Amino acid sequence: MTGMGDRILGLFLLVLAVAYGWVAQQWPEPFGGAEGVGPETFPTMLAIVLVVGSLYLMIKPDADAKWPVGRPALELVISIIVLVVYALLLEPLGFIISTTLAVGALSWRMGAPVVGSFVTGLISAVVVFGLFNYGLSLSLPNGLLGGF
Amino acid sequence: METIGFLMEGFAVALTPYNLMFALFGAFVGTLIGCLPGLGPANGVAILIPLAFTLGLPPETAMILLTSVYAGAMYGGRISSILLNIPGDEPAMMTCLDGYPMAQKGRAADALAISAIASFAGSLIGTIGLIMLAPVLARFALTFGPAEYFALFLLAFATLGGITGKNPMKTVIAATLGIMISTVGIDISTGTQRYTGGVLELYEGIDFILAIVGLFAISELLFFVEARMGKGRSKVEMGKLTLTFKEVVSTLPTQLRGGLLGFIAGVLPGAGASLGSFISYTLEKSVLGKKGRFGEGDIRGVVAPEAGNNGAASGALVPMLTLGVPGSGTTAVLLAMLISLNITPGPLMFTQNADIVWGVIAALLIGNVLLLVLNIPMIGVFVRLLSVPPMYLLPIVTMVAFVGIYSISHSTFDLYFMIVFGVGGFILRKLDIPMVPIILGLLLGPEMEKNLGHALILSDGDWTTLWSSPLAIGLWLVAGLGLVLPTVFGPLLRRRMRNAIKEGPVSD
């Protein structure tokens with residue numbers, strides 16, 4: 001069936017809209033009574049608009065985009081993991097080490113030679129670290145290299 | 001004539017060595033951002049926002065920096081159009097048509113030079129238009145009440161997809177999602193916690209800067225990873241500069257027409273720079289008729305779209321500065337900077353923050369001169385940088401985005417959030433949900449709710465107040481048209497634009 005992408009998105013948005021609208025109705029009335037617009041008025045309007053939009057998507061979906069499968073999909077997942085791990089390790093390992101690894105890994109997965117990738121990573125990490133810590137005096141985490 | 005006085009004050013702000021330095025830096029970085037494929041102007045400005053923020057720049061300097069980047073990106077877009085036949089950004093698409101054939105004929109250096117001059121002319125015309133129109137519009141906008149503003153915001157969303165937009169419903173969905181995200185946090189007027197789930201980090205709402213950087217920068221990286229375009233493309237050799245003065249003079253009428261048309265397209269909601277360059281190219285083609293050799297490297301075919309898109313870039317600043325309602329992605333990002341500097345955009349800015357507004361406008365003029373100077377002798381530098389393949393470039397850009405976001409709050413929580421936005425943005429872009437309305441929703445959502453509230457309080461809860469004044473009705477009508485027209489004219493215009501590009505002899 002064509003338009004599966006839009007239909008699934010539509011379904012997801014419908015659930016989101018209903019949940020969003022329902023949550024809005026649960027808030028206690030603000031102190032001093034409701035005057036014109038309460039905290040729930042605007043979200044309720046948004047929920048209604050999104051319900052209409054999501055129904056439209058399900059009824060009249062556009063043709064499907066080409067979704068990555070196989071190798072490109074794997075590369076995508078790897079990239080996202082690299083980004084998450086980068087954020088995770090930024091403070092414990094320090095900026096220079098984690099950046100070298102992250103930029104290196106990303107470049108390598110995008111097709112650069114291994115050595116070139118990690119050298120690029122190291123150089124960019126050192127330059128940015130120097131620029132931020134000494135040039136702009138904004139401190140980036142030192143991490144393992146903190147003693148030096 | 002008070003405008004001249006203000007403008008002089010603006011120059012006084014923009015010409016201080018400190019601000020001039022940032023304008024130069026911005027112009028350089030902007031050109032770079034514009035010319036590198038995969039790093040559009042909105043994207044580039046977005047990445048620089050956190051940096052401008054953490055540097056603690058004074059508001060006028062921050063705005064001057066970002067405006068110069070914006071102007072520079074418009075210049076830079078043409079470089080890769082001419083040398084690689086890939087537009088560096090969307091508005092530079094039309095420049096490929098004659099720019100690349102010209103480069104293939106060994107006149108790359110000429111094409112680059114004349115397009116820099118055309119960009120300058122377009123931008124100058126656009127900025128003069130901005131200077132004349134903005135104060136008038138700002139004065140008019142002072143008569144807007146909350147109901148009119150509410151309708152104006154709707155109009156902005158409705159026309160954002162642009163006349164060439166594909167599916168207006170998707171624009172609506174995108175805008176709604178953006179506004180929904182903006183409602184997370186403590187409600188300003190009542191103090192109710194909304195959608196925070198008790199997570200402390202969410203009490204103040206979701207910082208739109210990290211959302212913007214995630215949606216643009218991270219999703220762009222993912223697109224490149226998926227397409228495996230890391231290697232870059234081959235480019236044409238530069239060749240020697242043989243442009244004559246006579247040739248430059250012969251294109252002057254083209255520059256004027258292009259700049260003016262571009263400016264108009266930029267000011268109008270829903271048109272924007274892409275359409276500006278398209279219109280000026282087509283007009284030039286029909287004006288010159290058989291006298292031109294369009295598509296085969298006619299010099300005027302390079303001048304017209306470049307004058308057009310730079311004129312449009314300045315034109316797009318008009319609604320952003322006077323009404324606080326941007327009409328394009330990049331001006332939306334500029335608006336984000338204004339809001340995070342605690343400046344309320346809108347007509348009052350012209351009286352309360354006159355130094356910023358006029359400083360920015362003066363900086364635009366100065367930036368253009370700088371850009372012209374940068375772009376003719378230093379073109380070689382940019383051309384060399386163009387050969388940095390995306391596989392090295394994009395990871396570094398991503399890293400800079402990480403650093404920027406991290407340095408705002410020193411919390412890794414924000415980084416995870418940014419990644420979530422990036423992945424979400426990637427999926428939504430895959431599904432043809434546009435990013436710009438999401439961002440505009442994030443930015444304008446709180447203002448919209450505030451104006452709705454004010455309007456209803458003034459009218460004692462009577463909802464008809466939203467469409468009771470003639471002005472408000474007019475705005476509602478235009479908003480309606482903005483949604484309906486693209487379904488009628490959109491396919492037609494898009495086909496024309498595509499045909500124009502296909503006609504080019506180099507569609508390989």
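Into which domains is chain A divided? Select residues 4-59 of chain A for domain 1 and residues 71-147 for domain 2. Taken over C-alpha atoms, the centres of these two domains of chain A are 40 Å apart. The model on screen is predicted, and the predictor assigns the complex an ipTM of 0.90 and a pTM of 0.86.

Next, show chain A and chain B together and select the residues in contact between them. On the chain B side there are 48 residues, and they meet 51 residues of chain A. To find the chain B side by element, select α7 (168-182), α8 (208-227), α18 (390-409), α19 (412-430) and α20 (436-458) of chain B, each of which gives two or more residues to the side that touches chain A. Stop at α18(B): with 11 residues, α18(B) gives the most to that side. Now colour the chain B side by residue class. The side that touches chain A holds 28 nonpolar, 12 polar and 8 charged residues.

Then colour chain B by pLDDT. The average over chain B is 83, and 93% of the residues score at least 70.

Finish at residues 504-508 of chain B, where pLDDT stays under 50. For this stretch of chain B the model has 11 contacts beyond four places in sequence.

Technical notes. Residues are numbered from 1 along each chain as its sequence is written. Chains are lettered from A and ligands numbered from 1 in the order in which they are written. This is a predicted model: local features need pLDDT of at least 70, side-chain atom pairs count only at pLDDT 80 or more; totals for chains, interfaces and linings use all residues. Two residues are in contact if their C-beta atoms, placed from the backbone, lie within 7 Å. Helices (H or I, at least four residues) and strands (E, at least two) are DSSP runs, numbered from the N terminus. Ala, Val, Leu, Ile, Met, Phe, Trp, Tyr, Cys and Pro count as nonpolar, Asp, Glu, Lys and Arg as charged, and the others, Gly among them, as polar. Domain bounds come from an automatic or database domain assignment. pLDDT is the predictor's confidence in each residue, from 0 to 100.
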